[in-house]
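Visitor: Could you take me through this model one region at a time?

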Amino acid sequence: MSAKLVVGLDGSGSGQRAVAHAKRLANLIGDCELVLLYVIEWSPFTFQTAEENEQRHKRREEEITAATTRVVEPAVTEVKAGGFKVRGLVRHGDVADLLNRTATEEGAEQIIVARTSETGIASRIFGSSTANLVMSATVPVTVVS
Amino acid sequence: MNKILPTAAAAIALGALPALAQEERGIDQVVNEAFASATGPFVSLIFAPIPGTSFPWIVMWLVIAASLFTVYFGFIQFRAFKHSIEIVKGDYSDPNDAGEVSHFQALTTALSGTVGLGNIAGVAVAVGIGGPGATFWMILAGLLGMASKFTECTLGVKYRNEYPDGTVSGGPMYYISKGFKERGVPGGGFLAILFSVFCILGALGGGNMFQANQAHAQIAGITGDYPGWITGIIFAAVVFAVIVGGIKSIASVTEKVVPFMGVTYVIAALVIILMNLDQVGAAFGQIFEGAFTGLGVAGGMVGALIQGFKRAAFSNEAGVGSAAIAHSAVKTKEPITEGFVSLLEPFIDTVVICTMTALVITISGQLITDPETGLFVLNEAGSISTVGDTSGVSLTSAAFATAFSWFPYVLAIAVILFAFSTMISWSYYGLKAWTYLFGEGKTAELVFKVIFCIFIVIGAAASLGPVIDFSDAAIFAMAVVNITGLYCLMPVVKRELKSYMDRKESGEIRRFKH
């Protein structure tokens, strides 16, 4: 039976650390697929102008293309070069919610994310995405430092 | 074309600024007179009374339409109320559509175009002329208007244009032209053009001049009187920066601040109502009694009714067709779901927020009654006499100030922001109508945007009477065309409704969230 690991990408060094750790685990597991997920932060409950709404579909496509070409594809190529089975995904929504939901849908064993250096008042009040994930996840989570 | 004359008048007035610098009131007066005489015939036509009565035919037109839609769709505003809230919450939204325009976003965008001065100044005008009884008719018009909004917004999504680059355009001009063609009814093209012309006038009137006018009244009330054109030029410069200069950050900041101002306003009103809980019963008494007797207002019961219906329509725009433009950008496979969402709009706007304003004004004791007869005392203009002789937004401001002396400052900020966000929304509606008529070119768009900014100056300079008359007339003229279109296309909405309800019943349409 093959195992699946969902890895959170964020387009920075911390995402790369998560991928590196996932590769080490995959080597230990053997038959293992990595699902690399990049989440574009988005909420259905924001306020927008009529013009923003009119352009929204177009912007969404542009955001997905940008995330795919700049973050997900390079990461997938790099992991594939190491001889691993890998897939990349881009989704809109809340980071913690989507990592958990994707892991559940994919039947993954574990979610791997790296700790980000979020600071400031916002993260103190609302908590970081990583902290939210750890608190709400229904799948085991590994947080790489 | 009515709009050409005032534009020319404004251009002349603005060009003559240096020469008239010593006579600042003179500029306001020139603009006001030119504007009033240019728009007079149009206003008289729209508000012509039904022969033999004093009842304007246009008010009857809106009420009959809203009542008819209510009956035709089986009191949809009450039946689907719970389901509408579930849709806004996202319970029925496909997670794969994340990142697209949500129902909540379409609703709040449309609301930011309607919640504004209509709720603050418009209600004060209604209560100031029609007495507290106007509130009863306003609430009734709000409840009935939910069915009109449901009909037009469903059609807005169903017949919108989706372009290859993914952008969308929708609204009455599209559903009238495409829907009529589909049903084999002639005249759709002509009506769509007529609607667009009226929509441009509405954008310049209610969506622009009324806002500028009342924003100026509010600022002048705090700083002391000064010429309106100064406020007008400042507002015009900021709006110009956003719609022509493309400084989107101003618009998006406003979009984010306005909902909080709205919530602050409602909370302040609630606090005042709670502080005067013992008077709420009496206030409702005045509202019900006034609704059927008028309590001495000009025109009695009919006077109260006309004011209530007029201001409700002006505030929630049900049947006018503007919301259909805003709602059409939503991502959904089912046009009817946007109809459900949009019916919440008149409820929030009129039934909740307008009623709050009316209650605060009634409770505050700003309206002067004769202690012997219990009837309202009228002034020379036929309005109810108020403490300090206030009207419009200054009446609301004075009413709130009886509880919190500092509230006029908060209200001034709210009014400026509401006025600004409504102007931005209406500049979009007007532009959509303009590009429908003249095509989507950079030059055509720029011409409209410049005209729009000039009208801000005229609106701020003119006095309330002519501005409010023209604003109402232009917005109601949109309703004449739009409702004609809705009558022809309502069977399409009924089919959509039946199909959706059947599939919801059978479980084909399912909730994604539990």
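**A residue in α13 of chain B**

Guide: Q286(B) lies in helix α13, residues 277-293 of chain B. Helices here are DSSP runs (H or I, at least four residues; strands are E, at least two), numbered from the N terminus. The model is predicted: local features need pLDDT of at least 70, side-chain atom pairs count only at pLDDT 80 or more, and totals for chains, interfaces and linings use all residues. Residues are numbered from 1 along each chain as its sequence is written, while chains are lettered from A and ligands numbered from 1 in the order in which they are written.

Visitor: Is Q286(B) buried or exposed?

Guide: Q286(B) is buried, because 23 other C-beta atoms lie within 10 Å. The cut-offs are 20 or more other C-beta atoms within 10 Å for buried, 12 or fewer for exposed, and partly exposed in between, with C-beta atoms placed from the backbone.

Visitor: And what is Q286(B) in contact with?

Guide: Leaving aside neighbours within four places in sequence, Q286(B) is in contact with P132(B), L295(B) and T362(B). Contact here requires C-beta atoms, placed from the backbone, within 7 Å. K498(B) is 212 residues from Q286(B) in sequence, and their C-alpha atoms are 42 Å apart in space.

Visitor: What does W137(B) touch?

Guide: Not counting residues up to four places away in sequence, W137(B) touches A291(B), A304(B), L305(B), G308(B) and F309(B).

Visitor: How many residues of chain B are in contact with chain A?

Guide: On the chain B side there are 26, in contact with 21 residues of chain A. The elements of chain B that give two or more residues to this side are α6 (103-114), α12 (248-275) and α19. By class, the chain B side has 11 nonpolar, 11 polar and four charged residues. Here Ala, Val, Leu, Ile, Met, Phe, Trp, Tyr, Cys and Pro count as nonpolar, Asp, Glu, Lys and Arg as charged, and the others, Gly among them, as polar.

Visitor: A new topic, then: how many residues of α7(B) are buried?

Guide: In α7(B), 14 of its 14 residues are buried, and the helix is mostly covered. Next comes G131(B), whose phi is positive, near 75°.

Visitor: At what angle do α7(B) and α8(B) pack?

Guide: Helix α7(B) and helix α8(B), residues 133-158, pack at an angle of about 130°, with their axes 8 Å apart. The two helices are therefore oblique. Axes are lines fitted to C-alpha atoms, for helices over the stretch in contact, and angles run from 0 to 180 degrees between N-to-C directions. Under 35 degrees is roughly parallel, over 145 roughly antiparallel, 65 to 115 roughly perpendicular, and the rest oblique.

Visitor: Which residues make that contact?

Guide: Helix α7(B) contributes A126(B), V127(B) and G130(B), while α8(B) contributes G133(B), A134(B), T135(B) and M138(B). This contact has four nonpolar, three polar and no charged residues.

Visitor: And α18(B): what do its buried residues pack against?

Guide: They pack against α7, α10 (188-223), α12, α17 and α19 of chain B. Eight of the nine residues of α18(B) are buried, so the helix is largely enclosed by the rest of the structure. Among the buried ones are V393(B), L395(B) and F400(B).

Visitor: Now the backbone. What is the phi of E317(B)?

Guide: E317(B) has a positive phi of about 60°, although it is not a glycine. E317(B) lies in the loop between α14 (300-316) and α15 (322-327) of chain B, and it counts as buried because it has 32 C-beta neighbours inside 10 Å.

Visitor: Where is D389(B)?

Guide: D389(B) is in the loop between α17 (344-364) and α18 (393-401) of chain B. Its phi is also positive, near 55°. With 12 C-beta neighbours inside 10 Å, D389(B) counts as exposed.

Note on methods
Contact = placed C-beta atoms within 7 Å.
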